[in-house]
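Please open the structure in your viewer and keep the selection panel at hand. The tour moves from one selection to another, with a short account at each stop.

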Amino acid sequence: MPVLTPQVHIPFPFSGMNVDNMQMTDLRLEPKPTPLALLLLGRDADPDSEKGVECPGALPQASDPDLVARATAAKARLGDRVFILGHHYQRNEVIEFADVTGDSFKLAQQAAAHPEAEYIVFCGVHFMAESADILTADTQAVVLPDMAAGCSMADMAAINQVEACWKTLKDAGIADVTVPITYMNSTAAIKAFTGRNGGAVCTSSNARRSLEWAFEQGEKVLFLPDQHLGRNTAVLDLGLSLEDCIVFNPMLPNGGVSVEELRAAKMILWRGHCSVHARFTAKAIADVRAQVPGVNVIVHPECAYEVVSNADVVGSTEVIIATIAAAKPGTAWAVGTELNLVKRLAQDNPDKQIVFLDHSVCFCATMNRIDLPHLVWALESLADGNLVNQITVDPDTAHWAKVALDRMLSLPGTSTVRD
Ligand code: SF4
């Protein structure tokens with residue numbers, strides 16, 4: 001087989017097609033006197049959301065030609081006092097300065113494994129920094145270079161909505177037999193909710209094991225906040241039917257489902273999704289198969305059921321990276337995950353053809369909030385003795401979130417899971 005030229009097909013960045021952008025545009029048309037409206041004006045933070053706002057002080061200009069030198073110098077001034085974590089979906093300009101790269105759970109574990117670091121600079125999104133704060137020592141400060149780096153999926157499950165859902169399940173008489181499982185990609189408050197109510201956290205790698213455990217503890221699962229990971233795991237891994245799954249919509253009275261439907265369901269899926277992965281389509285898979293003969297389609301389980309069930313390989317970011325690295329030279333891969341990672345896969349696998357699965361999908365807008373100017377600003381501030389953008393989780397929330405995380409870690413073979 002001939003060795004194919006490495007390439008990656010990408011859409012024009014930030015073309016306005018991203019769901020996040022669409023939501024923000026809609027909200028701007030109808031500003032309301034709420035914390036969220038203030039957030040959009042860059043003047044405040046939404047206390048019920050994991051989103052933050054602007055950084056205090058002066059950010060370097062993105063055009064500053066000395067940004068790389070400034071980041072290098074600030075990191076050198078901090079030495080072992082700082083440990084920089086870079087999520088797989090970060091820009092290359094940020095990844096260059098990461099001491100370790102990985103998925104959110106691996107990075108939180110890495111932070112905990114470096115107690116000598118006074119500052120953990122988390123180049124990822126807010127819920128990841130929260131997890132790092134929960135797992136690290138009280139003497140360590142976790143810093144998010146841009147407080148606006150939230151996660152739209154995590155924001156789709158606010159704690160007051162989840163508490164209201166739980167009351168609906170209680171009123172239906174099924175809360176006692178329902179085990180809440182939350183994906184790692186959720187706020188600390190949601191993780192704590194699952195801890196308080198006998199549930200656990202899961203990652204995309206151990207979702208099957210977590211669901212099997214949950215069905216040993218009870219008769220039903222409330223899966224938060226990603227309906228796709230919940231459905232894909234329940235149907236494709238556990239053999240449940242699509243009819244066993246119902247979607248609880250927090251925007252509708254009683255979730256938009258009847259008491260009878262709640263009592264009949266085995267999987268109660270929260271109506272949340274990833275704004276990036278939910279945009280991949282089964283049609284894109286059909287198109288790429290027609291355009292690239294012999295292509296292997298590999299997608300993340302946050303993609304919709306019809307996408308996952310049409311792919312050749314389904315796996316977490318770590319699985320995607322390892323699978324393509326181990327693939328034979330000359331093979332072709334269409335990859336359905338975040339674009340920064342796909343671009344890096346193309347660079348790191350020049351002996352294979354790497355194709356982005358869907359031309360209508362953009363970068364993760366919130367991940368991309370972290371850029372070199374923000375990293376320089378955070379590192380220089382820390383080197384100057386100014387602790388900025390610290391992410392903290394209150395002790396009670398941290399305790400119960402840790403209970404849920406520990407339940408996941410106690411599952412066989414879970415100490416090295418990846419999300
Ligand atoms: S890629 Fe999806 S799940 Fe990950 S941070 Fe972005 S919106 Fe959240």
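This is a predicted model: local features need pLDDT of at least 70, side-chain atom pairs count only at pLDDT 80 or more; totals for chains, interfaces and linings use all residues.

When you type a selection, residues are numbered from 1 along each chain as its sequence is written.

Begin with the ligand, which has 13 residues around it, and pick out Cys151, Met153, Cys274, Val276 and Cys364, the ones that come nearest; a residue is near a molecule if its C-beta atom, placed from the backbone, lies within 6 Å of it.

Next, select helix H5, residues 104–112, where Ser104, Phe105, Lys106, Leu107, Ala108 and Ala111 are buried. Here buried stands for 20 or more other C-beta atoms within 10 Å of a residue's own, exposed for 12 or fewer, and partly exposed for values in between, with C-beta atoms placed from the backbone. Helices (H or I, at least four residues) and strands (E, at least two) are DSSP runs, numbered from the N terminus. Among the elements covering the buried residues of H5 are strand E1 (82–87) and helix H6 (126–135).

Now move to strand E7, residues 220–224, which is largely enclosed by the rest of the structure because five of its five residues are buried. Lys220, Leu222 and Leu224 lie on one side, and Val221 and Phe223 on the other. In a regular strand the side chains alternate between the two faces of the sheet. Strand E5 (178–183) runs parallel to E7 and is joined to it by five bridges, strands being paired if DSSP finds at least two bridges between them. Phe223 of E7 stands opposite Ile181, and its bridge partner in E9 is Leu269.

Where does Leu240 sit? Leu240 is in the loop between helix H11 (227–237) and strand E8 (245–248), and it counts as partly exposed because it has 19 C-beta neighbours inside 10 Å.

Finish at His300, in the loop between strand E10 (296–299) and helix H14 (305–308), which counts as buried because it has 28 C-beta neighbours inside 10 Å.

Methods: Two residues are in contact if their C-beta atoms, placed from the backbone, lie within 7 Å.
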